[in-house]
Amino acid sequence: MHNCGELFMRLLIVILLFGLTTACVTSSQSLYAELGGEDKVDEVVENFITEIEFDPMMYDYFKDSDIGRFREKFTEHFCMLTGGPCEYTGDTMEQVHTGMEISEANFNHAVDLLISAMNKANIPHRLQNRVLATMAPLRGSIIYI
Ligand code: HEM
């Protein structure tokens with residue numbers, strides 16, 4: 001037989017556990033914060049731009065681009081994808097890449113350069129994989145359009 005006090009205690013424990021779980025889930029850090037926030041993301045983007053500058057295939061795409069704008073917009077975009085506190089103010093992936101005739105090989109190559117940029121910024125591989133997972137769904141709006 002349960003008395004009222006025991007039932008109340010059980011209910012209280014359930015409520016407390018629920019509250020604790022919710023608090024844990026909602027206070028979990030964003031990927032952006034886990035990466036190291038603004039400074040780390042800036043470092044990755046700077047490394048990525050250097051990789052592009054020294055890569056003949058990629059440089060060919062960027063030779064007429066405003067690198068200052070690319071730095072700003074790519075950084076915002078990266079921040080948004082990884083759940084950081086930024087608003088992306090650039091164009092959509094379709095608007096930017098349409099007409100560039102980017103192939104699967106070009107796309108994979110850009111991803112390789114980004115991995116290189118993240119390695120040079122000492123980003124652990126488990127975090128790199130999570131960054132790449134945020135970009136994988138963009139494939140369709142970047143290649144063959
Ligand atoms: C996951 C992959 C990619 C992401 C997330 C991405 C993202 C972006 C972003 C955010 C911008 C700036 C947009 C703006 O200025 O409003 C941009 C610009 C650009 N992207 Fe990508 N990009 C990707 C792959 C590629 C690939 C594979 C190429 C070429 C091989 C490429 C070539 C360019 C070029 C040339 C620009 C500058 C465009 C201009 O000068 O107006 N991107 N990209």
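Predicted model: local features only at pLDDT ≥ 70, side-chain atom pairs only at ≥ 80, totals over all residues.
**Entry 1: the overall fold**

I began with the secondary structure and found eight helices and zero strands in the protein. Reading from the N terminus, I wrote the order down as α-α-α-α-α-α-α-α. Next I looked up burial: the protein has 145 residues, and 33% of them count as buried. I also checked how far apart in sequence the contacts reach. Taking contacts between residues at least 6 apart in sequence, I found that 70% join residues at least 24 apart.

**Entry 2: α3 against α7**

Two packed helices are described by the angle between their axes and the distance between the axes, and I looked up both here. Helix α3 covers residues 37-53 and helix α7 covers residues 104-120; their axes come within 8 Å and cross at roughly 130°. Angles from 65 to 115 degrees count as roughly perpendicular and those over 145 as roughly antiparallel, so I filed α3 and α7 as oblique to each other. The handedness of this crossing is right-handed.

Which residues of α3 and α7 make the contact? On the α3 side I listed Glu43, Val44, Asn47, Phe48, Glu51 and Ile52. On the α7 side I listed Ala110, Leu113, Leu114, Ser116, Ala117, Met118 and Lys120. Sorted by class, the residues of the contact of α3 with α7 come out as eight nonpolar, two polar and three charged.

**Entry 3: α3 against α5**

I stayed with α3 and turned to helix α5, residues 67-81: the axes of α3 and α5 come within 10 Å and cross at roughly 135°. This pair is therefore oblique too, and the crossing of α3 and α5 is right-handed.

For the contact itself, α3 brings Val41, Asp42, Val44, Val45, Glu46, Phe48, Ile49 and Ile52. From α5 I noted Ile67, Phe70, Arg71, Phe74, Thr75 and Phe78. The class count for the contact of α3 with α5 is 10 nonpolar, one polar and three charged residues.

Comparing my lists, I saw Val44, Phe48 and Ile52 of α3 in the contact with α7 and again in the contact with α5.

**Entry 4: the iron**

Which protein residue is a donor of the iron atom of the ligand? I found His97, whose NE2 lies at 2.1 Å and is the only protein donor. I then placed His97 in the fold: His97 belongs to helix α6, residues 93-97.

Technical notes. Residues numbered from 1 in each chain as written. Heavy atoms only, no water. Axes fitted to C-alpha atoms, helices over the stretch in contact; angles between N-to-C directions. Helix = DSSP H or I, 4+ residues; strand = E, 2+ residues; numbered from the N terminus. Parallel < 35°, antiparallel > 145°, perpendicular 65-115°, else oblique. Left-handed = near helix turned anticlockwise from the far one by under 90°. Contact = heavy atoms within 4.5 Å. Nonpolar A, V, L, I, M, F, W, Y, C, P; charged D, E, K, R; others polar. Donors = N, O, S within 2.8 Å, 3.2 Å for Na, K, Ca; no water. Buried < 20%, exposed > 50% of the residue type's maximum accessible area, 1.4 Å probe, protein only.
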